[in-house]
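Please keep the sequence and the model in view while reading.

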Amino acid sequence: MDGVITDTERLYNKYWVESAHELSYDFFNRQDALDLRSLNMPNSIVMMRERYGESFDLNAVKVLCRKKMKEEEESFLRTLETGIKL
């Protein structure tokens with residue numbers, strides 16, 4: 001999903017927050033997700049650790065977020081496939 005067929009930014013914002021909350025970072029919010037846009041990972045880690053301390057594990061949040069996005073993509077593709085008659 002590249003943002004052309006579906007609004008991936010909305011989904012990433014949703015899943016960043018959900019993933020952080022599942023890892024008990026309940027303070028992580030939509031603005032944090034928005035602030036991560038267009039930042040490379042090293043700068044993202046610095047920014048989040050400055051906000052929330054050295055123990056904030058952005059890599060763990062990222063892994064869970066990507067897993068959720070992959071599941072979303074697979075679900076989206078299954079939905080497309082059911083509408084296509086070969």
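## Overall fold

The chain contains four helices and zero strands, where helices (H or I, at least four residues) and strands (E, at least two) are DSSP runs numbered from the N terminus. Read along the sequence, the pattern is accordingly α-α-α-α. This is a predicted model, in which local features need pLDDT of at least 70 and side-chain atom pairs count only at pLDDT 80 or more, while totals for chains, interfaces and linings use all residues. Residues are numbered from 1 along each chain as its sequence is written, and side-chain values use heavy atoms, with hydrogens and water left out.

Of the 86 residues in the chain, 31% are buried; here buried means under 20% relative accessible area, exposed over 50%, and partly exposed in between, with a 1.4 Å probe and protein chains only. Among the contacts between residues at least 6 apart in sequence, 51% join residues at least 24 apart, a contact being heavy atoms within 4.5 Å. An individual example of separation in sequence is given by Leu11 and Lys68, which are 57 residues apart along the chain and 9.3 Å apart in space, C-alpha to C-alpha. Leu11 belongs to helix α1 and is buried, with a relative accessible area of 3%.

## The nonpolar core

A nonpolar core is taken as a set of buried Ala, Val, Leu, Ile, Met, Phe, Trp, Tyr and Cys residues joined through side-chain atoms within 4.5 Å. The largest such core has 18 residues, of which Trp16, Phe28, Leu36, Met48, Phe56, Leu58 and Val61 touch the most other members. Helices α1, α2, α3 and α4 each supply at least two residues of this core, and α1 gives the most, with five residues.

Leu36 illustrates how separate parts of the sequence meet: leaving out residues up to four places away, Leu36 touches Trp16, Phe28, Ser44, Met47, Met48 and Leu58. Asn13 sits in helix α1 and, apart from its neighbours within four places in sequence, is in contact with Arg30, Ala33 and Leu34.

## Aromatic pairs

Rings of Phe, Tyr and Trp (its six-membered ring) are paired if their centres lie within 6.5 Å, and planes under 30 degrees apart count as stacked, over 60 as edge-to-face and the rest as tilted. By this rule the count comes to six aromatic pairs. In one of them, the rings of Tyr25 and Phe27 have centres 5.8 Å apart and planes at 55°, so the pair is tilted. Tyr25 counts as buried at 15% relative accessibility, whereas Phe27, at 38%, counts as partly exposed.

The rings of Phe28 and Phe56 have centres 6.1 Å apart and planes at 10°, so this pair is stacked. The pair links distant parts of the chain, with Phe28 in the loop between α1 and α2 and Phe56 in the loop between α3 and α4, 28 residues apart. Both Phe28 and Phe56 are buried.

## The largest pocket

On a 1 Å grid over the protein atoms alone, a pocket is an open set of points where a 1.4 Å probe fits, with protein on both sides within 12 Å along at least five of seven lines, and lining residues have an atom within 4 Å of a point. Grid points are joined across faces, edges and corners, and a volume is the space filled by probe spheres set on the points. The largest pocket has a volume of about 300 Å³. Of the 16 residues that line this pocket, the closest to its centre are Tyr12, Trp16, Leu36, Arg37 and Ser38.

Helices α1 (8-22), α2 (30-36), α3 (41-52) and α4 (58-83) each supply at least two residues of the lining. By class, the lining has eight nonpolar, four polar and four charged residues, with Ala, Val, Leu, Ile, Met, Phe, Trp, Tyr, Cys and Pro counted as nonpolar, Asp, Glu, Lys and Arg as charged, and the others, Gly among them, as polar.

## Positive phi in two loops

Most residues other than glycine have a negative phi. Ser24, although not a glycine, has a positive phi of about 70°; Ser24 is placed in the loop between α1 and α2 and counts as exposed at 56% relative accessibility. Ser38, likewise not a glycine, has a positive phi of about 65°. Ser38 is found in the loop between α2 and α3 and is exposed, with a relative accessible area of 83%.
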